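Dear colleague,

Please find the structure below.

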Amino acid sequence: MKSVKLALIGCGKAANRHLHIFKELPEAEIVAVADSYPERAQVFAEEMGADWYADWRKMLAEHPEIEVVDIAIPTGLHSQVALPVMEGFRKHILIEKPITLRIEEAWEMVKTAEELGLKLVTVFQNRFNLPVKKVKEILDKNLLGKIVLASARFYWCRRQDYYDSAAWRGTWALDGGALAQQGCHHVDMLRWLMGEVESVFAKKDTRLVKIEAEDILVGVIRFKNGALGTIEATTCARPKDLGAELVILGEKGSIKLGGFAMNELSYLALKDYDLNEEELEAYRRNPPDPAGFAHREYLRAAVHYFAGEPPDPRLCIGKDGIPSIELIQAFYESAESGTEVKFPFTPQKSRLGKTED
């Protein structure tokens with residue numbers, strides 16, 4: 001396949017991982033990078049042998065050969081950049097999770113891409129974890145039978161210095177708290193594996209850091225398939241990360257995904273089904289990779305999709321990025337209103353993605 005010409009907008013932490021992965025993918029060619037802090041853009045550009053800009057509009061105007069724009073900026077700014085990139089420059093979009101913070105903005109991005117015939121991919125790399133691949137296969141074959149419970153929880157550590165490292169971290173307008181940022185992968189996984197949601201109820205608080213948003217949220221879900229779900233999202237673990245897991249219980253078996261990022265198959269038992277232990281061993285955990293196995297495979301698959309190949313079904317394409325932000329917004333709406341939120345709904349009390357009046 002031909003190499004795909006990309007540009008980076010945003011040269012922070014998320015973009016740094018993309019940078020190192022793209023350097024090792026012959027299918028990807030970074031043409032130029034842009035950041036409002038020119039010194040950061042220059043560092044990235046020198047490492048890639050690319051051009052650098054402080055103004056992304058100028059970058060795109062001077063490089064019409066760019067095919068895909070990789071957007072890695074604060075989530076609350078996603079639509080403000082993605083929409084003019086699509087409307088004004090007709091470029092495909094690769095965007096860090098979540099797609100944006102407000103549901104209406106997400107739909108506007110999706111509809112714009114569809115109307116202009118552009119591809120829009122949100123990065124949810126945990127879908128490419130080998131253990132997740134096996135779990136998805138088991139669920140698609142209905143080997144668990146009736147699902148009873150799906151429970152996601154993570155106990156991570158984010159101290160004040162993390163939030164102080166950038167003014168936008170922990171703000172409602174640009175970031176959100178433990179659920180919206182650290183927890184969005186778990187929310188996406190619950191929604192992707194379990195299907196549509198009927199209602200949610202949640203409580204949240206800010207206990208150990210000084211930020212606008214929460215550092216702990218606990219929520220309950222009723223899925224349309226009848227199963228219940230829970231999520232415990234917190235960055236209050238001290239003095240370091242404690243762990244994370246996702247458990248699914250069904251009438252015919254049980255599954256537990258562990259590891260820091262749902263990258264280990266900690267437990268699997270199925271009734272009346274003989275598991276091939278040798279084959280199963282290949283899905284126990286991701287192989288070691290300094291840049292992250294799933295992240296590398298996700299970006300590789302995205303590049304192949306941008307190049308015109310059929311999409312890997314695990315990619316989060318277009319409107320597939322909306323259910324996770326809907327569920328996040330529902331949790332916040334419930335926590336702010338103190339009531340159960342039934343789908344469909346329109347956020348009223350949730351502050352996520354909103355600036356203060």
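Glycine 219 stands opposite isoleucine 231 in β10, and valine 218 stands opposite glutamate 232 in β10. The model is predicted: local features need pLDDT of at least 70 and side-chain atom pairs pLDDT 80 or more, while totals for chains, interfaces and linings use all residues. Residues are numbered from 1 along each chain as its sequence is written, and side-chain values use heavy atoms, leaving out hydrogens and water.

Strand β9 (residues 216–223) pairs with β10 in the antiparallel sense over seven bridges; two strands pair if DSSP finds at least two bridges between them. Helices (H or I, at least four residues) and strands (E, at least two) are DSSP runs, numbered from the N terminus. Four residues separate β9 and β10 in a hairpin, and glycine 226 in the turn has a positive phi of about 100°.

Which order do the eight strands of the open sheet have? The order is β13-β12-β11-β7-β10-β9-β8-β15, with mixed pairing. β13 (264–270) and β15 (341–342) are at the edges with a single partner strand each, so one side of each has no neighbour in the sheet.

Turning to the cysteines, a search of the whole structure finds zero disulfides (pairs of cysteine sulfur atoms within 2.5 Å). For cysteine 157, the nearest cysteine sulfur, that of cysteine 236, is 9.1 Å away. Cysteine 157 is buried, with a relative accessible area of 10%; buried means under 20%, exposed over 50% and partly exposed in between (1.4 Å probe, protein chains only).

Yours sincerely
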